[in-house]
Amino acid sequence: ALPISERQATIAKQYKVPTMRLLGFCKREWWAFGPGFLGALASGACFPLLGAFVLVDAMVAMMQPDKEKMKKDVEMATMWFVLFGAIKFLASTLQFGCFGLLAEATTKQCRVRMLTSIFRQEIGYHDNPDNTPGKLVGALRIYAYRIAALCITFGDKADALCSIGVGVGLAFYACWEMAGAMLLSIPIFGIAQ
């Protein structure tokens, strides 16, 4: 038999998170994935669109020699900023609300399963110094936090991927040569670091 530290290292190396099993704990709340991903996609698309169109228009408006035209253009850009801010607020609220609901449902079911498993153990299990009530409660706390964070990161990753996709799409639409050169330079910058 392997010593405990070697056994733990081997398990840690080979262990894969059972994501589908964890998501099975919140099966009744799966309806929240659709609105959550929709909110994440809308939230992720806001900043590239805002930077590509509204910010550029606002900067161009500031350079107008005619003060009235400048005022009108800046007011229009301001309205667009407010509109995009409202969209970002609503989309983020939808994203975090839905994925928060999924995280709470998954965490609750996980805690119920873990507590049930702890209570089913024979009495000798609880006499072991490795299974003190403090350690068991600490494990419940840590695992519940990790599970909640896992569910919330689904929305964060969708938000980030949409932001990158929309940004790259806009860059190729505006000037495909420059966008291609910049994408090809990313590995060079990574190696230079």
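Visitor: In which helix does Ile118 lie?
Guide: Helices here are DSSP runs of H or I with at least four residues, strands are runs of E with at least two, and both are numbered from the N terminus. The model is predicted, so local features need pLDDT of at least 70 and side-chain atom pairs count only at pLDDT 80 or more, while totals for chains, interfaces and linings use all residues. Residues are numbered from 1 along each chain as its sequence is written, and side-chain values use heavy atoms, with hydrogens and water left out. Ile118 falls within residues 67-120, which form helix H4.

Visitor: Is Ile118 buried or exposed?
Guide: Buried means under 20% relative accessible area, exposed means over 50%, and partly exposed lies in between (1.4 Å probe, protein chains only). The relative accessibility of Ile118 is 13%, so Ile118 counts as buried.

Visitor: Which residues does Ile118 touch, leaving aside those up to four places away in sequence?
Guide: A contact requires heavy atoms within 4.5 Å. With residues up to four places away in sequence not counted, the residues that Ile118 touches are His126 and Leu136.

Visitor: Is Phe89 buried or exposed?
Guide: Phe89 is also found in helix H4. Its relative accessible area is 59%, so Phe89 is exposed.

Visitor: What distance separates the C-alpha atoms of Phe89 and Ala144?
Guide: Phe89 and Ala144 are 55 residues apart along the chain. Their C-alpha atoms are separated by 28 Å.

Visitor: How many helices and strands are there in the protein chain?
Guide: From the N terminus on, the elements run α-α-α-α-α-α-α. The count is seven helices and zero strands.

Visitor: What is the radius of gyration of the protein chain?
Guide: The value is taken over C-alpha atoms, and the globule rule is 2.2 Å times the number of residues to the power 0.38. The C-alpha atoms fill a box of roughly 85 × 40 × 25 Å along the principal axes. A compact globule of 193 residues would be near 16 Å, but the protein chain has 25 Å.

Visitor: Where does H3 bend?
Guide: Helix H3 (residues 33-62) has 30 residues and spans 42 Å from first to last C-alpha, close to the expected 44 Å. That expectation is 1.5 Å times one less than the number of residues. A bend is the angle between axes fitted to the seven residues ending at a residue and the seven starting there. In H3 the bend is about 45 degrees, at Leu50.

Visitor: Which residues of H7 are buried?
Guide: Helix H7 covers residues 176-192, and it bends by about 30 degrees at Ser185, with a proline, Pro187, following within four residues. Cover for its buried residues includes helix H6 (133-174). The buried residues of H7 are Ala179, Gly180 and Ser185.

Visitor: What share of the residues of the protein chain count as buried?
Guide: The share is taken over the 193 residues of the protein chain. Those that count as buried make up 27%.
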